Amino acid sequence: MSKEELEVFKRALLREKKARKAAEKILEEKSRELYQTSQKLENLLSEKSSQLQGVFENIVDAYVVMDLNGNVLKFNEAATKLFGYDIDQESLNVVDIIYKSDIEYAMTSFTVLKDKGFFKDYEARIYTKSKEVKWVHINASLVFDKENTPIAAQGIVRDITDQKSSAEDLIKSESRLSSLILNLDSAVLLEDENREIVLTNKRFCDLFSIPVEPDLLKGQDCSNAAEQSKGLFEDEDKFVNRIDEVLKKKKTVLADELIMKSGVVLERDFIPIIKGGIYRGHLWTYRDVSLQRTYSKSLEAQKQKYYNIIANMNLGLVEVDNNDEIQMINQSFSELSGYSESELIGKKGGDVFQIKGGADIIKNENDKRKKGQSNSYELKVKIKNGDIRHWLISGAPNYDLNGKVVGSIGIHLDITDLKSLEIQKEKLLVKLEKSNDELQEYAHIVSHDLKSPLRSIDALVNWLKEDNKDKLDEVSLQNFKHIETTLEKMEQLITDVLNYSSVGSDNNETSDVDTDTLVSDLISILYVPEHIEVKVLNQLPIIKGDRTKLQQVFQNLISNAIKFTYSDKGLVEIDVISKLDHYEFSVKDNGIGIEKKFHDKIFKIFHSLNKSKDSTGIGLSIVKKIVNLHDGEIWLDSEPGKGSTFYFTLKK
């Protein structure tokens, strides 16, 4: 090798050393940046873990952690208060606090927990440390280690003792009222807001010549009942038109007179049922007053008969004259008020049941009776023992034999417990709305905090690729590609979780939505491969709803149908069937199909049967949630290899 060649070689070697040192310096700087980023991620993870720990420590409901043998490992403050045990000072196994009669149910539920990894809506009784029996509601799940091995169980425990007690009292009250109606001498028909029969009695069946037992009529549609029964009455058109008029106004109507072709004279009452400002149905009552219209003697007999019946009912009866002086009460009213008959006869109701504004209300109602008006109203009163009670009073004028108003008669029902439940419900709704707002705000904060480090990692990966684009081999580039794909899927998952939590939290006003136009617009913007045809079989209707949310429903279902259709000639069909009070939509494909055992699972969050990078397992969960918010249902019919048909309903 010549001296000149040697010099060239030395200079090349020197340049290579300098280049290597420069590369090492760059690598060192990038390693330092990567280390700093890693430290930030660890700090963020620690911060989020501390936040999560704070959530569980401060949660309103009891939070319990136990090992798989039932030994309690941790109580939060609410759990310590509920059960009465201090886990830091004493040991406890959950078997020791299970109510004896509920042990078998508890063991079965624990088996479900171990098999499925969770259970929901467990309700049973437990003993506190002071041996007090409480009803609790529990949602629980297993805790897994890094190897996905179950190591413990955790659960949220809510005290529902008061709810159970209230529910039992309400059931007893409803049972008593139902028994009362069934045994009334009047014909009674209770219909819901859709005019379906909720309750009737034998007297009603006899009066309208219906040859079945009252129980068999429950759930029957009464929309055409007037047309079917009009042949029993002298003025058929008047009978039908009057029912239509009363139903349209939805106002209380008392003592409508009806004359049957058989000569029987009926009085009919209509009482609308309003709960929370919402119309829930109505009560029809029919009374045969033929004898009252014909013979004064029979009238007195009938009057005494009904007095005797009412005297033994759980409804308080009061008769007053035109000066509001009490003429008669029944035993039930005596029990409601705490006063005996002798203490009330001759006294004015407004003076006896004194409460602010009460006397004025009674005076106004009595003035209405003098004018021949009947109605129902609520009154807040103070009874003999000083308790404040709420009464629902149905009042009507009382006539003498000459048709002159001589006073009024009022039927009194104590609705104090119902009013208390309404107040509790309103408080719970306010509390629930506040909790939903806080959770929504928390979801947005967490979403932002989680996406920030993802974007930082994505930027760092791009820098590494750019700085080393001439040095990375195919394997390294492929690894970077995997990292970028994973980051994209993670960001999409966070976005989908936020979208899922947001469904139902915003109060968008409903409007008329032309689903035919909506679907047509969707088809035009969605990517549809050439081998797949999307068809709308029938004209889709206009419905009331949230356009944005309904678009999500159709977009998810149509996109899924396209995505999972792999045949050479794919077909997606969209159809609708009009039902009585709703529309039944369907999205059908000839794709890969779904096994029966997964038909329920796919609507649960994070349950995706296809583990592709485009699927987060949340789409169908959002669809189900939106359909439910529109008072609809969703289900599917599918078999592997035979395609799938998704059905969902929307109210008309």
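Glu-191 and Arg-195 form a salt bridge, with the closest N and O atoms 3.0 Å apart. A salt bridge is a side-chain nitrogen of Lys or Arg within 4 Å of a carboxyl oxygen of Asp or Glu. Glu-191 and Arg-195 are buried; buried means under 20% relative accessible area, exposed over 50%, partly exposed in between (1.4 Å probe, protein chains only). The model is predicted: local features need pLDDT of at least 70, side-chain atom pairs count only at pLDDT 80 or more, and totals for chains, interfaces and linings use all residues. Residues are numbered from 1 along each chain as its sequence is written, and side-chain values use heavy atoms, with hydrogens and water left out.

The structure holds 27 salt bridges. One of them pairs Arg-242 with Asp-256, the closest N and O atoms being 2.7 Å apart. This pair links distant parts of the chain, 14 residues apart: Arg-242 sits in helix H7 (residues 236–249) and Asp-256 in strand E8 (residues 253–259). Helices (H or I, at least four residues) and strands (E, at least two) are DSSP runs, numbered from the N terminus. Arg-242 is partly exposed, at 25% relative accessible area. Asp-256 is buried, at 15%.

Lys-384 and Glu-343 also meet in a salt bridge (2.9 Å, N to O). Lys-384 lies in the loop between strand E13 (375–382) and strand E14 (388–399), and Glu-343 in helix H11 (residues 341–344), so the pair ties together parts 41 residues apart in sequence. Lys-384 is partly exposed at 44% relative accessibility. Glu-343 is partly exposed at 30%. Salt bridges that share partners join Arg-242, Glu-245, Lys-249, Asp-256 and Arg-268 into one network.

The largest nonpolar core has 36 residues. Such a core is a set of buried Ala, Val, Leu, Ile, Met, Phe, Trp, Tyr and Cys residues joined through side-chain atoms within 4.5 Å. Phe-554, Leu-557, Ile-558, Phe-585, Phe-646 and Phe-648 have the most contacts inside this core. H17 gives the largest share of the core, seven residues.

Helix H17 (residues 547–563) has 17 residues. From first C-alpha to last, H17 reaches 24 Å, close to the 24 Å expected (1.5 Å times one less than the number of residues). The buried residues of H17 are Lys-549, Leu-550, Val-553, Phe-554, Leu-557, Ile-558, Ala-561 and Ile-562. An α-helix has 3.6 residues a turn, so residues three or four places apart point the same way.
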